[in-house]
Amino acid sequence: MKILHVDASSKFHQWSNSRALGRYFIEQLEQKGVDIEIDYLDVTEDVQPHVSAEFVQATYTPEAQRTDRMRDVLAESDALCQRVMAADALVCAMPMYNWTIPSTFKTFIDNIIRTNITYDLHADGSITGNLGDKKVLFITTRGADLSEGSPFANMDAMTPVLKNAFGFIGVENPWFVDAQPLQFSDEAAREAGLAKARGELDAVCGEWAQSLICAETTPV
Ligand SMILES: Cc1cc2nc3c(=O)[nH]c(=O)nc-3n(C[C@H](O)[C@H](O)[C@H](O)COP(=O)(O)O)c2cc1C
């Protein structure tokens with residue numbers, strides 16, 4: 001199973017909970033005997049370019065009519081799209097920053113939503129996403145508790161962005177594991193939030209491992 005593992009925490013690595021939870025998930029999969037190949041991307045170090053005027057012009061120009069300059073402008077995004085399309089699964093770990101996703105992960109999204117690569121636009125205006133065969137897990141860490149019923153619940157602008165952006169490119173049912181509250185709380189609540197997240201990651205790991213075993217044993 002080829003996994004594109006993306007980290008987006010800007011903290012020094014050793015202090016990052018989202019990075020630790022992402023590693024934990026990969027380790028659990030390995031311990032279950034899943035054969036994994038990791039393609040690792042740290043979007044805080046390998047920062048994707050923002051959408052520029054040239055990028056927009058190039059991406060709206062049909063492929064056969066693109067100039068060399070347009071191809072150069074799109075090259076990084078093309079390469080990133082190929083990494084996404086080559087993966088069987090995406091594991092994306094990130095903190096909440098100002099109630100939404102980190103800007104580095106937003107530029108990652110801007111670079112991987114591309115016509116005729118990650119989605120197709122048909123003559124009648126309809127869209128088909130091309131990531132429908134991939135498992136996608138989002139591990140998010142939050143300082144506050146934004147779960148249902150908490151006073152911050154309606155501040156979550158992170159889950160809808162991830163659901164909509166990846167839904168557009170064909171990811172219908174991504175997994176979400178949200179670790180919270182990890183900052184605006186006491187030590188006991190922090191520990192409980194992390195333990196709950198690890199438990200949820202164990203469950204996702206079990207599901208993924210089981211589906212791979214089923215795929216291997218189902219006759220074609
Ligand atoms: C710049 C910045 C903005 C943040 N904004 C929010 C926020 O809007 N809501 C929230 O619950 N936590 C917020 N936090 C807290 C982080 O989401 C939280 O500490 C998270 O656990 C950090 O994950 P990490 O350890 O992987 O970096 C913010 C932290 C930083 C550094």
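In which loop is the place of Pro181? Pro181 lies in the loop between strand S7 (175-179) and helix H6 (187-217); helices (H or I, at least four residues) and strands (E, at least two) are DSSP runs, numbered from the N terminus. The model is predicted, so local features need pLDDT of at least 70 and side-chain atom pairs count only at pLDDT 80 or more, while totals for chains, interfaces and linings use all residues. Residues are numbered from 1 along each chain as its sequence is written, and side-chain values use heavy atoms, with hydrogens and water left out.

**Backbone features**

The peptide bond from Gln180 to Pro181 is cis, with omega near -5 degrees. Asn98 has a positive phi near 50 degrees and is a residue other than glycine. Its place is in the loop between strand S3 (89-95) and helix H4 (103-112). Most residues other than glycine have a negative phi, and most peptide bonds are trans.

**Ligand surroundings**

The ligand is surrounded by 19 residues, the closest being Ser9, Lys11, Ser18, Met96 and Gln183; a residue is near a molecule if one of its heavy atoms lies within 4 Å of it. By class, this shell has 9 nonpolar, 8 polar and 2 charged residues. In that scheme, Ala, Val, Leu, Ile, Met, Phe, Trp, Tyr, Cys and Pro count as nonpolar, Asp, Glu, Lys and Arg as charged, and the others, Gly among them, as polar.

| Protein atom | Ligand atom | Distance |
|---|---|---|
| Ser18, polar side-chain atom | oxygen | 2.5 Å |
| Thr141, polar side-chain atom | oxygen | 2.8 Å |
| Asn98, polar backbone atom | nitrogen | 2.9 Å |

Taken alone, the ligand exposes 640 Å², and the protein buries 81% of that; these areas come from the Shrake-Rupley method with a 1.4 Å probe.

**Pockets**

The ligand takes the space of the largest pocket, where more than half of a molecule's atoms must lie within 2 Å of the grid points. A pocket is an open set of points on a 1 Å grid over the protein atoms alone, where a 1.4 Å probe fits, with protein on both sides within 12 Å along at least five of seven lines; lining residues have an atom within 4 Å of a point.

The largest pocket has a volume of about 380 Å³, a volume being the space filled by probe spheres set on the points, which are joined across faces, edges and corners. Of its 19 lining residues, Pro95, Met96, Arg142, Gly143 and Gln183 are the closest to its centre.

The second largest pocket holds about 260 Å³ of space. Its lining has 15 residues, with Thr59, Thr61, Arg66, Thr115 and Asn116 nearest its centre.

Conventions. Polar contact = N/O pair within 3.5 Å; in protein donor to acceptor, adjacent residues only side chain to side chain.
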